[in-house]
Amino acid sequence: MSREIKKIKYCPAGHFSEDYVYSNRKNFITSDGICYSCTQEHFIHEFKTWSSGNANLDEIIQETQINIHNKLQWIPYDNFQNIEHIADGGQGSVYSAEIENGIKRQWNFVKQDWEYDLIGNKVALKEIKDSRYDMVGFLKMTKTANGNGYGEIIAYYAISKNPSTQNYIIVMESLGCDLHYFLAKNFWDLRWKSKTKILASIASGLRVLHAKNLVHCSLKSGSILNSTIPVIGLDLCKLENDLILNSNNKNNKINGSIPYIPPEVLRGNEFTRKGDIYSFGGIMYEIVTAQQPFADQAHDTYLMIDICNGVRPKVPDFMLNWIPEWYLDLMYRCWTDDPSERPTTDELVNLFSEIADKLYANVMDNDVMRQLQIADENQRNTSKSQKQELFELFSHSSKLHPQSCFISRYIYTLHGLHDFLKELKSGKSSDPNLLKPSESTTLNANTYDI
Ligand SMILES: [Zn+2]
């Protein structure tokens, strides 16, 4: 039998429940040992017991610890067991590991000890191998993004460091496969109710970020994990204010995967929320084709010029039967050259949530719904052998261009190449945006960019 837990006025340390602890939040004290002030004091007390080796990082982690939500921690590397390599991404490698001691949640004054979450649980470790990675920027972004939404956004728990490589490690929630891998495996069995639910959830995650003035900057199927209930990784996510501060200067270089980068950014302008909507168009494309945009082309400067001239990925004719026209219209609206004409996250969330709800409830009350029903039937009526044939014709592995790259990498913008484009076109120089031998296209299914 559990003993009754009640709210109390004073903790044994003398903290009062009517005092404000976290900016505008009153203390919360319970008889079983919870006191916000005690937790805050114990975190502060321990500031001098750990260091990441970088004072700027320490300061941000400390700031999060005296907040009520979104606490980050410093975890020594020897806390991780059974570390296994999962995948390589744009900035480093991802591992799975177990976290023996868990993560400090709150101080308990009855037990006179910390209460921990995730003891012995699996987590994902992302080891940052790119020395240009802006770890301080990442932590600032995490401080804003963490703990918002309803699980559509990946949870970041802690920072660590690999003692043998001296690389920083980001500790985050354990991951399933990415959306690309999921679609490649399940495409033929997916009905529109699942497709619209996945899209509603991704759009909802984007909406949470945009409401916090965050811009994702690298949304693609490889940055979406646990695909049946999609979770967005925030690999290159940034605060919009920081981006706007830079907006007087055009960028010579950007980080990303060309098919998901909007034309204005390829030209050298900053990424905005409307840029994320362009990237969402790429996800809409993959949801209906199981193919990443421009997978059969080289991801080079010529493709960038084409995209800026209005070229967009094509849906193969044989698939048009399974895709309603309104869906294609919306997808191409996401890809509009003029950012102001792209839909908002509100529009996307409302549309896809409403449709998914109706499909689950089997409500077919308008043309949009009837078109989806017909599309599902058309896909269902395609025979297995036909499907096999079509898939061979359009499968990822056989059509993937050796110069395509769906993980983030540094590329020159057209602004950055301005003086060079003539030489490039005349064939005098080779394209600096071609993949280097070190940047493999990674045919491996898992190419997380989180
Ligand atoms: Zn207390």
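Reader: Which strands form the open sheet, and in what order?

Author: Happy to! This is a predicted model, in which local features need pLDDT of at least 70 and side-chain atom pairs count only at pLDDT 80 or more, while totals for chains, interfaces and linings use all residues. Residues are numbered from 1 along each chain as its sequence is written.

The open sheet has 6 strands, in the order E3-E9-E10-E8-E5-E4, with mixed pairing. Strands (E, at least two residues) are DSSP runs numbered from the N terminus, and two of them pair if DSSP finds at least two bridges between them. At the edges stand E3 (73-74) and E4 (80-88); each has a single partner strand, so one side of each is left without a neighbour in the sheet.

Let us look closely at E8, which spans residues 121-128. With E5 (residues 92-99), E8 pairs in the antiparallel sense over 8 bridges. Along that pairing, Gly-92 stands opposite Ile-128 of E8, and Ala-97 has Val-123 in E8 as its bridge partner. E8 is also joined to E10 (residues 168-173) by 5 bridges, again running antiparallel; here Leu-125 has Val-171 of E10 as its bridge partner.

How enclosed is E8? Of its 8 residues, 6 are buried, so the strand is largely enclosed by the rest of the structure. Buried here means that 20 or more other C-beta atoms, placed from the backbone, lie within 10 Å of the residue's own. As you look along the strands, remember that side chains in a regular strand alternate between the two faces of the sheet.

Terms used:
A residue is buried if 20 or more other C-beta atoms lie within 10 Å of its own, exposed if 12 or fewer, and partly exposed in between; C-beta atoms are placed from the backbone. Helices (H or I, at least four residues) and strands (E, at least two) are DSSP runs, numbered from the N terminus.
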